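Me: Hi! Could you walk me through this one with me? I'll paste it below.

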Amino acid sequence: MKHIEVAPDPVDARLGARLAELRSERGWSLGELAERSGVSRSTLSRAERAEISPTASLLNRLCAVYGRTMSQLLSEVEQEPALLVRATEQHVWEDRSSGFVRRSVSPPHAGLRGELVEGRLATGADIAYDRPPVPGLEQHIWVLEGALEVTAQDVEHRLDTGDCLRLRVWGPTRFRCAGAEEVRYVLAVVLP
């Protein structure tokens, strides 16, 4: 049998290089980063070499260690942000393992503290984050279609179409599609 090498996704390759760069900037070994993030050395190594496409949970853990939001990290591997972000230029990232699709509607930009993200969770999708990427991060979650359950500070909130939850994130959170159909929502993120 012939083994065929598959080239990594270009975004995953740039993301892996950026993750390696962030670790190097701090002078950390893979072992030190593993201790700080709670992610195994082998997973970190494979992510840095773009052998795997990182999950939302993995990126969240690394963002917490590096003190940046997921949008900031992803924007660092994309082109320079423009003031006007056309729909066709909004970067989409998918965590296939969890059924989460993320569109960066208004990505981070120098001099601005807020950003907008469109999230979509497939039926039954459930994503848990063990910590915020930045403690005290302000979030506004507005459901456009479907039903979403958000758990923050051990309180579960059910949001239906049109509902908006406003909070500061200090600890673990969980996002779960609560209906029989996909849920689509807007996440407004404001740095503290």
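Me: What's the strand order in the open sheet of six strands?
Reply: The order is β1-β2-β3-β10-β5-β8, with antiparallel pairing. Strands here are DSSP E runs of at least two residues, helices are H or I runs of at least four, both numbered from the N terminus, and two strands pair if DSSP finds at least two bridges between them. This is a predicted model: local features need pLDDT of at least 70, side-chain atom pairs count only at pLDDT 80 or more, and totals for chains, interfaces and linings use all residues. Residues are numbered from 1 along each chain as its sequence is written, and side-chain values use heavy atoms, with hydrogens and water left out.

Me: Which are the edge strands?
Reply: β1 (92-95) and β8 (164-169), each pairing on one side only.

Me: And how many bridges join β2 and β3?
Reply: Six, in the antiparallel sense, between residues 100-106 and 114-121. V101, for instance, has R120 in β3 as its bridge partner.

Me: Switching to helices: which residues of α3 are buried?
Reply: In α3 (residues 41-48), L44, S45, A47 and E48 are buried, meaning under 20% relative accessible area with a 1.4 Å probe, protein chains only. They fall within an arc of 165° seen down the axis, so they line one face of the helix; the arc is taken over directions from the helix axis to the C-beta atoms.

Me: What covers them?
Reply: The cover includes α1 (10-26), α2 (30-37) and α4 (56-66), with contact meaning heavy atoms within 4.5 Å.

Definitions and conventions
Buried < 20%, exposed > 50% of the residue type's maximum accessible area, 1.4 Å probe, protein only.
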